[in-house]
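Welcome! Please take a moment with the sequence and the 3D view below, and then we can walk through them together.

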Amino acid sequence: DILTHYNPERDFSDTTAPRIQIKEIGLFNENIQWDRVIAAEDTTLILPNGVRIEDFSFDSISRWHGLPYNLKLSHDNNYINFGFVAIGSSLVDQSKYSFILEGLENHWSSLTRQTEVSYGNLPPGKYNFRVRAINNVGLWSDDYTFAFRIKPPLWRTWWAYILYFSA
């Protein structure tokens, strides 16, 4: 015989909104250890899947999560993926997420439990990846924003157009 006692006064609602954090930024579905790459920024990076990453730059690395600030990628290294997580006081595994890539999309995604998203074949331009989370009682996190840029190919730069029109 088992006796169970339930005390509803011990249940609590999570009254704190979750915090959202991007935990990884990868290229071509490979996680990049950006803090290790900073010393090799002027060289070619060959990913485990064989993809060559060239002509990339960033200003610095975030102290706690090792993410690049002001990331610039070449036009042919235009497949980027993000991993993110909600941090809260309880039940973060029940959090749902919504995200948008400004510069490509006009609307936030539907709510999902998915904690990774990839964007491929991005055209040259400036982008802001924004993600937010909602906890099990409906409290939203602040948005987390990661800005990056895909540079145009050499033949589509402003000075190339000057050469075209001056010839």
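A residue is called buried under 20% relative accessible area, exposed over 50%, and partly exposed in between, using a 1.4 Å probe and protein chains only. At 10% relative accessibility, Asn81 therefore counts as buried.

This is a predicted model, in which local features need pLDDT of at least 70 and side-chain atom pairs count only at pLDDT 80 or more, while totals for chains, interfaces and linings use all residues. Residues are numbered from 1 along each chain as its sequence is written, and side-chain values use heavy atoms, leaving out hydrogens and water.

Now for the overall picture. The protein chain has 2 helices and 12 strands; these are DSSP runs numbered from the N terminus, with helices (H or I) of at least four residues and strands (E) of at least two. Of its 167 residues, 35% are buried.

Some of the strands form an open sheet of 4, in the order β2-β1-β8-β10, with antiparallel pairing. Its edge strands are β2 and β10, each pairing on one side only. Two strands pair if DSSP finds at least two bridges between them. Strands β1 and β2 are joined by 2 bridges, and Gly26 stands opposite Asn31 in β2.

| Strand | Residues |
|---|---|
| β1 | 19-27 |
| β2 | 30-31 |
| β8 | 80-87 |
| β10 | 116-119 |

Where does Asn81 lie? Asn81 belongs to strand β8. Leaving aside neighbours within four places in sequence, Asn81 is in contact (heavy atoms within 4.5 Å) with residues including Gly26, Phe28 and Val117. The Asn81 side chain also reaches the backbone nitrogen of Asn29 at 3.1 Å.

Notes. A polar contact is a pair of N or O atoms within 3.5 Å; within protein, one must be able to donate a hydrogen and the other to accept it, and residues adjacent in sequence count only if both atoms are side-chain atoms.
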